[in-house]
Amino acid sequence: MVIADTVVPARPIRAQSIIAETDLALRGGDLANGFQSIASVAGQEARVVLYPGRPILIGDIGPPAIVTRNQIVQMRYENSGLHIVAEGRSLDRGAVGDRLRVMNLSSRATLVGRVMQDGSIKVSK
């Protein structure tokens, strides 16, 4: 008796690819850290290569990256009324909310910040 279905790729999906509904299928069986609906997987980005017939696990996918490695980004720092804006180079890929490293183009210092909705990086202390 099958209690639920598990989402699996219908074809190989490369890492960093956006997953479409047509790339997915349902297979019988319940998996604790897998997905049960195609709608919850479609539109996400593959973080690893996904193979046909193997269940897609929670850590295998995530929101699409909006910042790519080596992209020039705007860094923002705000604290107690002080606002600093500078250009930097992203050293990682990231989606909204991800923490990534960014290099200040003026000082060559490497900082860590969080990707914002507009693609800028909010640098923290």
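Colleague: Which strand does Ser 90 lie in?

Modeller: In this predicted model, Ser 90 belongs to strand β6, which covers residues 82-90.

Colleague: What makes Ser 90 count as buried?

Modeller: The relative accessibility of Ser 90 is 0%, and the word buried is used for values under 20%, so Ser 90 counts as buried. Leaving aside residues up to four places away in sequence, Ser 90 touches Val 67, Thr 68, Arg 69, Asn 70, Gln 71, Val 73, Leu 100, Arg 101 and Val 102.

Colleague: Where is Val 67 found, and why is Val 67 called buried?

Modeller: Val 67 sits in the loop between β4 (61-62) and β5 (72-79), and because its relative accessibility is 0%, against a limit of under 20%, Val 67 counts as buried. Among the residues that Val 67 touches, again without those up to four places away in sequence, are Ser 90, Gly 94, Leu 100 and Ile 121.

Colleague: What makes strand β1 largely enclosed by the rest of the structure?

Modeller: Strand β1 covers residues 5-9, and because four of these five residues are buried, the strand is largely enclosed by the rest of the structure. In the antiparallel sense, β1 pairs with strand β2 (residues 24-28) over five bridges, and Thr 6 stands opposite Arg 27 of β2.

Colleague: Why is Ser 80 called exposed?

Modeller: Ser 80 has a relative accessible area of 75%, and exposed is the word for values over 50%, so Ser 80 is exposed. Ser 80 is placed in the loop between β5 and β6, and its phi is near 50°, a positive value in a residue other than glycine. Most residues other than glycine have a negative phi.

Colleague: What makes Arg 108 count as exposed?

Modeller: At 55% relative accessibility, with the cut-off set at over 50%, Arg 108 counts as exposed. The loop between β7 and β8 (110-115) holds Arg 108, whose phi, near 65°, is a positive value in a residue other than glycine.

Colleague: Which elements does the chain as a whole have, and in what pattern?

Modeller: The chain has zero helices and nine strands, and reading along the sequence gives the pattern β-β-β-β-β-β-β-β-β.

Colleague: Why is the chain called more spread out than a compact globule?

Modeller: The globule rule gives 14 Å for 125 residues, whereas the radius of gyration of the chain is 19 Å, well over that value, so the chain is more spread out than a compact globule. Along the principal axes, the C-alpha trace spans about 60 × 25 × 20 Å.

Colleague: How many of the residues are buried, as a percentage of the chain?

Modeller: Buried residues make up 30% of the 125 residues. The accessible surface of the chain is about 7500 Å², and carbon and sulfur atoms account for 52% of this surface.

Definitions and conventions
Residues are numbered from 1 along each chain as its sequence is written. This is a predicted model: local features need pLDDT of at least 70, side-chain atom pairs count only at pLDDT 80 or more; totals for chains, interfaces and linings use all residues. Side-chain values use heavy atoms; hydrogens and water are left out. Helices (H or I, at least four residues) and strands (E, at least two) are DSSP runs, numbered from the N terminus. The radius of gyration is taken over C-alpha atoms; the globule rule is 2.2 Å times the number of residues to the power 0.38. Buried means under 20% relative accessible area, exposed over 50%, partly exposed in between (1.4 Å probe, protein chains only). Accessible areas come from the Shrake-Rupley method with a 1.4 Å probe; for residues, only the protein chains shown count as cover. Contact means heavy atoms within 4.5 Å. Two strands pair if DSSP finds at least two bridges between them.
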